[in-house]
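This briefing is meant to be read with the sequence and the 3D view open side by side. It takes the chain topic by topic, so that each point can be checked by eye.

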Amino acid sequence: METRVLGRTGRSVGVVGLGCWQLGADWGEVGEDQALAVLAAAVDAGVTFLDTADVYGDGRSERLVGQLVAERGGTGPGGPLTVATKMGRRADPHVAEAYTLDAFRAWTDRSRQNLGVDTLDLVQLHCPPSAVLGTDATYEALDTLVDEGRVAAYGVSVETVAEALAAIARPHVASVQIILNVFRRKPLEQVLPAAAEAGVAIIARVPLASGLLSGKYDESTTFAADDHRTYNRHGEAFDVGETFSGVPYEVGVAAAREVAARAPAGATTAQTALRWIVDQPGVTTVIPGARTGEQARANAAAADLAPLDAGTLDALRAVYDERVREHVHGRW
């Protein structure tokens, strides 16, 4: 698989990684054997970058990732894998005062234990209040974590363009994770160019718009009660952008059908959507989730596709402009 440098970490990672939220919770039931099979299939297919968080299943995702890492040679400078985790959502996500050095130490200590490592490859603030990203004390505390050996590098996961730009301006931020997909294009305008200029990695999350861009759903599809695609469609539990990229479900299903019709020969809808992200200048890696080994292998295979041609890119842009733009433009 093609690799790219993960920003200021200096580490190389595959252009298609694996998002591990679904291995913890909020996507319906995923058994332990099933989760480990997904992880193994992804790594066997060339994935070297795994993204998790301390709140995914209250640590379950981290523990499963840690088990896989222990079996596959570890992380760190000499290991074949790079694991990114996140911290901050164990506190009230709306209270900036909760993001203290003591809290950071406690959260990273817990993640280190879950993952079975002494030093976290990359820890990311998990969509904190905007005020946290604008405070010098935040980055001073993160620098302290590096100095203490708890983390090798740090980044942020954000909801908005403004938050991303604020983080990119900080000298030691290694990466920015942001929602980017065929239906969510705002970061292309400012965030990706700014990150490229600063040497900051871009980790593209929600790349398939919570599965919409898999092309497998229709207007009659239902999801389990414990799946965020049921209970967070209007932002009832957390930011609505995390669910279907904030696109109304029926709008997204219709638009995804048009994306499917424009997929290159031999490529699935999901692979086309992932390749579109990989092709964007400034993107380091994209982190689709998977609930089966087959899905993990198919996602990884998107890295083998040729870059999308101009005709396909124009057609995908037209789908966005005509079907989706009015529902998302300006919200973030």
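The model is predicted, and its local features are reported where pLDDT is at least 70.

- Strand 7 (154-157) pairs with strand 6, which covers residues 122-126, in the parallel sense and over four bridges.
- Within that pairing, Leu125 has Val156 of strand 7 as its bridge partner.
- Strand 7 also pairs in the parallel sense with strand 8, residues 173-179, again through four bridges, and here Ser157 has Gln177 of strand 8 as its bridge partner.
- In a regular strand, side chains alternate between the two faces of the sheet. In strand 7 both faces are covered, with Tyr154 and Val156 buried on one side and Gly155 and Ser157 buried on the other.
- Strand 8 is likewise mostly covered, since seven of its seven residues are buried.

**Helix 10**

- Helix 10 spans residues 269-278, and ten of its ten residues are buried.

**Cavities and a pocket**

- Four cavities of 30 Å³ or more are counted in the model, and the largest cavity holds about 70 Å³ of space.
- The lining of the largest cavity is made up of Gly66, Val69, Thr75, Val83, Thr85, Leu115, Val117, Thr119, Leu120, Asp121 and Leu122. Helix 2 (60-71) and strand 5 (82-87) are the elements that give two or more residues to this lining.
- By class, the lining of the largest cavity has six nonpolar residues, four polar residues and one charged residue.
- The second largest pocket has a volume of about 200 Å³, and its lining consists of Arg89, Pro93, His94, Cys127, Pro128, Pro129, Glu159, Thr160, Glu163, Ala237, Phe238 and Asp239.
- The residues lining the second largest pocket divide into six nonpolar, two polar and four charged.

**Cysteines**

- The count of disulfides in the model is zero.
- Cys127, for its part, is in no disulfide, and its nearest cysteine sulfur is that of Cys20.
- Both cysteines are buried under the 20% limit: Cys20 counts as buried because its relative accessibility is 1%, and Cys127 counts as buried because its relative accessibility is 9%.
- Cys127 is also one of the residues that line the second largest pocket.

**Arg150**

- Arg150 is placed in the loop between helix 5 (136-147) and strand 7.
- Is Arg150 buried or exposed? With a relative accessibility of 16%, Arg150 counts as buried, because the limit for that class is under 20%.
- Leaving aside residues up to four places away in sequence, Arg150 touches Arg105, Thr108, Asp109, Arg112, Asp118, Thr119, Leu120 and Leu145.
- Among these contacts of Arg150, Thr119 and Leu120 also belong to the lining of the largest cavity.

**Residues with positive phi**

- Most residues other than glycine have a negative phi, and the two residues below are worth checking against that background.
- Ala209, in the loop between strand 9 (201-205) and helix 8 (228-231), has a positive phi near 50 degrees, and at 0% relative accessibility Ala209 counts as buried.
- Phe244, in the loop between helix 8 and helix 9 (249-261), has a positive phi near 55 degrees, and Phe244 is buried as well, with a relative accessible area of 1%.

How values were computed:
Residues are numbered from 1 along each chain as its sequence is written. This is a predicted model: local features need pLDDT of at least 70, side-chain atom pairs count only at pLDDT 80 or more; totals for chains, interfaces and linings use all residues. Side-chain values use heavy atoms; hydrogens and water are left out. Buried means under 20% relative accessible area, exposed over 50%, partly exposed in between (1.4 Å probe, protein chains only). Contact means heavy atoms within 4.5 Å. On a 1 Å grid over the protein atoms alone, a cavity is a set of points where a 1.4 Å probe fits but cannot get out, and a pocket is an open set with protein on both sides within 12 Å along at least five of seven lines; lining residues have an atom within 4 Å of a point. Grid points are joined across faces, edges and corners, and a volume is the space filled by probe spheres set on the points. Ala, Val, Leu, Ile, Met, Phe, Trp, Tyr, Cys and Pro count as nonpolar, Asp, Glu, Lys and Arg as charged, and the others, Gly among them, as polar. A disulfide is a pair of cysteine sulfur atoms within 2.5 Å. Two strands pair if DSSP finds at least two bridges between them.
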